Amino acid sequence: MKVVVLGTGHVGLVTSATLAKIGHEVVGVDSDPQKIAQLRKGEAPFFEPGLQDLLDEVIKKGSLKFSETATDAVPGSDVAFICVGTPGRPDGEANLLAVEQAAHDIAKHATGDIVVVQKSTVPVHTAERVKTTMSRTSPHVFHLVSNPEFLREGSAVEDSLKPERILVGADEKEAHRIVRELYSPLLNDDVEYHATDLRTAELAKHACNAFLAMKISFANALARICEAARADVVSIADIMGSDSRIGRAFLNAGLGYGGYCFPKDVAAFRAQAERLGFDFGLLTEVMKINAGALDAAFLKVKEAVWNLEGKRIVLFGLAFKPGTDDVREAPALYLAERLREAGAIVVGHDPQANETAKELMSSIEVFDDPYEAADGAHCVVICTEWSEFSDLDLTRLKGIMTHPVIVDGRNVFDPSTMEEAGFTYLPTGRPPVNL
Ligand code: UGA
């Protein structure tokens with residue numbers, strides 16, 4: 001099929017490449033000329049494992065092309081995907097201006113009836129609004145589909161090529177038929193295919209993200225209790241996780257959830273619930289506990305080094321999670337700001353995200369080498385659980401630090417190893433060592 005994808009961010013680009021790989025003719029559109037220039041040269045504009053290889057393959061094959069405008073890309077397409085950003089507004093609601101613009105672009109340039117697939121995370125009833133918007137300006141018929149994406153940064157290519165589930169919401173049989181055919185090369189016995197109405201699909205995506213965020217906040221609340229009681233949150237998460245009704249995933253206490261999705265999606269879900277007449281107070285608590293995880297880490301650094309003024313604090317891990325160079329809403333950057341405000345000298349190191357971190361926060365000095373970053377440090381804070389950090393040479397690290405203090409915001413180290421290595425070690429939700 002001929003497919004146009006509006007938006008070449010993490011979701012749009014990976015979706016474009018996947019659809020091209022499974023045999024469709026795809027054009028990715030983005031209004032950012034720099035990004036399109038980079039993509040036309042065949043370069044991935046962000047780090048994502050496996051993405052560059054996939055792009056090389058589909059661009060060489062000629063099945064994925066890029067354009068700066070919808071003008072040339074939309075005409076003749078069978079399916080148009082909307083994969084533009086839906087950032088949060090100050091009141092928590094999603095900002096849907098880019099979705100509206102994409103709808104206008106498709107309506108203006110469509111040369112016939114077309115299936116419009118909404119992949120951006122949006123509040124319930126957005127597809128209906130998109131359809132109304134398009135029908136006001138075009139004589140063609142638009143078959144609206146909600147097809148929320150479940151890929152995770154850091155494993156986006158794998159998630160997209162081998163999805164656990166595909167969710168397709170539509171109110172017309174024909175739209176369901178076309179999208180099922182589009183995805184047919186990906187379907188096998190391991191893939192759960194959910195076909196629903198439009199509104200159910202839109203709400204399901206928010207429900208999934210909010211539930212996962214709730215699990216993380218539950219673990220972080222437990223961590224605060226464990227710290228007060230001198231118990232071990234990791235063991236409790238293991239015990240809870242061994243109950244198949246609970247599951248171990250997303251019970252890791254730490255600095256809380258960050259990234260482009262959870263923070264804005266939890267707020268947007270709460271806001272839309274309120275608009276629909278339901279006070280989703282549970283989500284208010286989820287957000288409060290998430291912010292509290294950062295407060296707890298800040299206080300631990302303060303507790304360990306005493307006065308922060310002039311102290312060198314090293315943040316290991318600047319990306320919001322391992323496997324990505326994405327620093328949007330990264331807990332590390334919030335912590336950096338807080339520590340700087342308190343007078344500390346904050347430096348950082350990340351195996352992938354040094355450059356993106358500098359773009360977003362020019363005041364932070366970053367080092368490619370973790371030992372250079374830690375030289376003379378009064379405290380190291382582990383902010384992202386990259387495997388590189390658990391493999392650090394602890395003797396070397398201790399030798400170069402001014403004070404051997406580690407605040408472990410992701411519980412990457414074994415407390416007994418830290419005790420033996422002679423560090424003052426403050427993990428999350430576990431008893432401190434040598435304090
Ligand atoms: C999340 C969802 O997991 C995807 O299914 C969804 O498609 C995506 O949002 C989206 O809406 O686009 P992502 O934001 O890439 O994916 O990352 P996650 O792996 O979900 O992690 C989110 C945050 O939670 C990270 O900051 C991570 O460090 C944190 N986290 C995760 C914890 O603090 N504890 C955990 O146990 C798990």
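Buried means under 20% relative accessible area, exposed means over 50%, and partly exposed lies in between (1.4 Å probe, protein chains only). The model is predicted, so local features need pLDDT of at least 70 and side-chain atom pairs count only at pLDDT 80 or more, while totals for chains, interfaces and linings use all residues. Residues are numbered from 1 along each chain as its sequence is written, and side-chain values use heavy atoms, with hydrogens and water left out.

**View 1. Phe413 and Tyr425 form an aromatic pair.** Both residues are buried. Rings of Phe, Tyr and Trp (its six-membered ring) pair if their centres lie within 6.5 Å; planes under 30 degrees apart count as stacked, over 60 as edge-to-face and the rest as tilted. Here the centres are 6.3 Å apart and the planes make 80 degrees, so the pair is edge-to-face. Phe413 lies in the loop between β13 (405-408) and α18 (415-421), and Tyr425 lies in strand β14 (residues 424-426). The pair therefore ties together parts that are twelve residues apart in sequence. Helices (H or I, at least four residues) and strands (E, at least two) are DSSP runs, numbered from the N terminus.

**View 2. Six strands form an open sheet.** Their order is β11-β10-β9-β12-β13-β14, and the pairing is parallel. Two strands pair if DSSP finds at least two bridges between them. Which are the edge strands? They are β11 (365-366) and β14, and each pairs on one side only. Three bridges join β13 to β14. Tyr425 in β14 is the bridge partner of Ile406.

**View 3. Aromatic rings also meet elsewhere.** The whole structure holds six aromatic pairs. Phe250, Tyr257 and Phe262 form one aromatic cluster. Two arginines sit over rings: Arg165 lies over the face of Phe150, at 3.6 Å from the ring centre, and Arg338 lies over the face of Phe298, at 4.3 Å from the ring centre. A charge sits over a ring if NZ of Lys or CZ of Arg is within 6 Å of the ring centre and within 35 degrees of the ring normal.

**View 4. Helix α6 has a buried side and an exposed face.** The helix has twelve residues (residues 126-137). The expected span is 1.5 Å times one less than the number of residues. Which residues of α6 are buried? They are Thr126, Ala127, Val130, Thr133 and Met134. They cover an arc of only 125 degrees around the axis, which puts them on the same side of α6. The arc is that of the directions from the helix axis to the C-beta atoms. These buried residues pack against β4 (79-82), α5 (97-109), β5 (114-118), β6 (142-146) and α9 (198-229). The face turned away from them carries the exposed residues Arg129 and Arg136.

**View 5. Ser63 lies in a loop between α3 (51-61) and β3 (64-67).** Ser63 counts as buried, at 10% relative accessibility. Contact means heavy atoms within 4.5 Å. Leaving aside neighbours within four places in sequence, Ser63 is in contact with Ala20, His24, Glu25, Val26 and Val58.

**View 6. Glu329 has a positive phi without being a glycine.** Its phi is near 55 degrees. Glu329 lies in the loop between β9 (312-316) and α13 (331-341). Its relative accessible area is 38%, so Glu329 is partly exposed.
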